Amino acid sequence: MVKRKTPEELRSHRWYGVNDLRSFGHRSRTAQMGFSREEYAGKPVIAILNTWSEMNACHTHFKQRVEEVKRGIWQAGGFPVELPVQTLSEPFQKPTTMLYRNFLAMEAEETLRSYPADGVVLMGGCDKTTPALLMGAISMDLPAIYLPAGPMLRGNWNGVTLGSGSDTWKYWADLRAGKITEEDWQGVEGGIARSPGHCMTMGTASTMTSAAEALGFTLPGFASIPAPDSRHAQMSAKTGMRIVEMVWEDLKPSDIITAGSIDNAVTTCLALSGSTNAIVHMIAVARRAGIELTLDRYDDIARRTPVLANIRPTGTYLMEDFFYAGGLPAMLRELGDLIDRSQKTVNGQTIGENIAEAKIFNEDVIRSRAAPLLPGNGLAVLRGNIAPNGAVIKPGAADPKLLVHTGRAVVFSDYNDMAARIDDDALDIDENSVIVLHHAGPVGAPGMPEWGQLPIPKKLLQKGVRDMVRISDARMSGTSYGACVLHIAPESFIGGPFALVRTGDLIELDVPQRRLNVLVPDDELARRKAAWVQPAPRFERGYGAMHQVHVLQADKGCDFDFLQRGGAQAKDEPEIH
């Protein structure tokens, strides 16, 4: 029998329920907003952290969804309070939303700490919003439930089904190669994103909302529902209802996150052939809970986990099809003993209980373990003399013949250098070359943007080349594809050995053996290291200056060094007068 809190044990009681001058001020100002005591006295105050904005196309429906969440909270006897927090809009925010993921995580944590919240509904979905909100909520450790934005509907152009991101890169290459017209390109532009919701390919958004569900932070099946579907609105109201009960039960993130639930989330990402970005985010989420998730652990799980989701860019279908085929619960059930079914979730049930009756309705979209899309290695972790702390690649998204490859490096010193020279007919490059981009990591870019799917030179595209080995300390969109080695750690900007690669060096990539090396003698690398000069800092003031000093490398999750520790205990907070 779960012991339930009393109204006097609510955290908000310290603001509203005490007969002193400060509580008088809290109550009078709440009355100023039109609420009487009967509406909130002795009831859980539920913060709704809403990442809606008019610059976040993925979250345009959140203006309505927040009303449905409030409806559920009222019906369950809670008092809803919407608190807008920073929006992280993947298409619009420059230089990259990753620069601001930790900003939102800090804002979420501090907003919950400083206001009278007993529990929280986290509203996100666009790539970095999911890990940021989870990181902040885990550190604060109040009862928390996640509301995923849901994928948009399939794209469409002239009868062709389009997938966001993946088909953008495909048709952009075709346009540069002269295979489609400008009019065609404008047709793709008008039909690729045609409803609210995040990317409907298996990009970072769908990967991370699915990971949140596998972690136990969403109501069962919620992450798979398309944003415009009426069931998404219904589930939003149910989310509001459930968080009120979670407060009375005192069911917190620390009761849900364990090493087992982290493994479940990693396994889920891999079975989906999810975004490489998930590695960085899952490491950061785990470390907020005091759980050490390493690249080696990720690689071990990758070797044993089959890819069951036949979703672009690795597969054929889109998230709408995945939902109709049974969604995430069906895939989790099919994973069988690869999922620890004993792990607790926000609805009070175990994940095993939540998926017990799930069914697959289309075995081409959600494959069986007996007939997977890939038998394993949805991601691979590489190491070598230019990536001693690791690098990653998504083998299923690459041309198989490039997974074991040795080629001559063509090095670009930064993104601007690459943009200026990549299509120069005089560039000494062929399809066997290895494109190398420096200064694209957490400190050097800044913020580790999604530059990792480096463009193939126009003159090679015109010859029919569609994939090459490309190496950087950047990230890559989950909607991207190609033989792209990413997340090299330590990054070049801070003097990692990757900075020592020069044009003309031979680079060896061997994905089956998990190797990545520059074939240069150690004494020559030592000479280059001695001559290396630290570049000037990217920022002189503001958040960027703080970021460049405190951000950790990709293999540690790119969180701030002063935030990766155990959660703050709300009950132990000092009362400030």
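I took helices (H or I, at least four residues) and strands (E, at least two) as DSSP runs, numbered from the N terminus. Both R528 and D505 are buried, that is, under 20% relative accessible area, where exposed is over 50% and partly exposed in between (1.4 Å probe, protein chains only).

I note that the model is predicted, with local features needing pLDDT of at least 70, side-chain atom pairs counted only at pLDDT 80 or more, and totals for chains, interfaces and linings using all residues. Residues are numbered from 1 along each chain as its sequence is written, and side-chain values use heavy atoms, leaving out hydrogens and water.

I next looked up R312, which forms a salt bridge with D167 at 2.7 Å between the closest N and O atoms. R312 sits in the loop between α14 (295-304) and α15, and D167 in helix α7 (residues 166-176), 145 residues apart. R312 and D167 are both buried.

I then checked R154 and E320, whose side chains meet in a salt bridge at 3.5 Å, N to O. R154 counts as partly exposed because its relative accessibility is 24%, whereas E320, at 8%, counts as buried.

I recorded 42 salt bridges in the structure. A network of salt bridges links E90, D127, K128, E450 and R475.

Terms used
Salt bridge = Lys/Arg side-chain N within 4 Å of Asp/Glu carboxyl O.
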